Structure formats: C-alpha cells, structure tokens
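Subject: Structure for your review

Dear colleague,

Please find below the sequence and structure that I am handing over to you. A summary of what was found follows directly after them.

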Amino acid sequence: NNSKAYGGRIVSKKMHARNLNNPWVQATMKARKALGTPGFVAFKKGSALYNKAREIYGKAGGPAQYKSS
C-alpha cells in the first residue's frame, strides 16, 4: 500500500495520512486556501503566506512562540 508523495518519493499510505494530520501542514494548507495561492509559491519567513500559516498555527494550539499576543 504505497503511494507517491508530492515531492515524488514513494511512501506508505499510512505515513502519508499521518503527515497530513500534522498541525503545521494543516495550517499551511488553510493559509494557501485563505490567500487563494495558485500552484507553487515560495514559503519563506516573512512572506504573507508564512505569516498567515503562523497565525493559524498559533490559534490551533501550536507552540507558544507562535501564539498571537
């Protein structure tokens, strides 16, 4: 039961599903959707996409360093 990951690697379906439930991955997917990001966009610190994902991650109960004050 293997599948191809987005990066082209072959991974088990179990590991693929496990990584999709990662809080940071969830935050980045929600940020892309909220900003209407089409296709590939660089995910650099300080970019609008990164800041939005960090905001969502902090609200979702991520590490204290990302929580909004």
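The structure holds one salt bridge, a term used here for a side-chain nitrogen of Lys or Arg within 4 Å of a carboxyl oxygen of Asp or Glu. Its partners are the side chains of Lys59 and Glu55, at 3.4 Å from N to O. Both residues belong to helix α3 and are four residues apart, about one turn of the helix. Lys59 is exposed, because its relative accessibility is 63%, whereas Glu55 is partly exposed at 33%. For these classes, buried means under 20% relative accessible area, exposed means over 50%, and partly exposed lies in between (1.4 Å probe, protein chains only). In general, side chains of opposite charge can pair when their charged atoms come close.

Please note that this is a predicted model, in which local features need pLDDT of at least 70 and side-chain atom pairs count only at pLDDT 80 or more, while totals for chains, interfaces and linings use all residues. Residues are numbered from 1 along each chain as its sequence is written, and side-chain values use heavy atoms, with hydrogens and water left out.

As to the overall fold, the protein chain has three helices and two strands, arranged along the sequence as β-β-α-α-α. Helices (H or I, at least four residues) and strands (E, at least two) are DSSP runs, numbered from the N terminus. Of the 69 residues in the protein chain, 16% are buried. The chain exposes about 5400 Å², of which carbon and sulfur atoms supply 53%; accessible areas come from the Shrake-Rupley method with a 1.4 Å probe, and for residues only the protein chains shown count as cover.

The largest nonpolar core consists of six residues: Ala27, Ala31, Leu49, Ala53, Ile56 and Tyr57. Such a core is a set of buried Ala, Val, Leu, Ile, Met, Phe, Trp, Tyr and Cys residues joined through side-chain atoms within 4.5 Å. Helices α2 (23-35) and α3 (48-59) each supply at least two residues of this core, and α3 gives the most, with four.

Ile56 is in contact with Ala27, Lys30 and Ala31. Thr28, in helix α2, touches Phe43 and Ala53. Thr28 counts as buried because its relative accessible area is 13%.

Yours sincerely

How values were computed
Contact means heavy atoms within 4.5 Å. Lists of a residue's contacts leave out its neighbours within four places in sequence.
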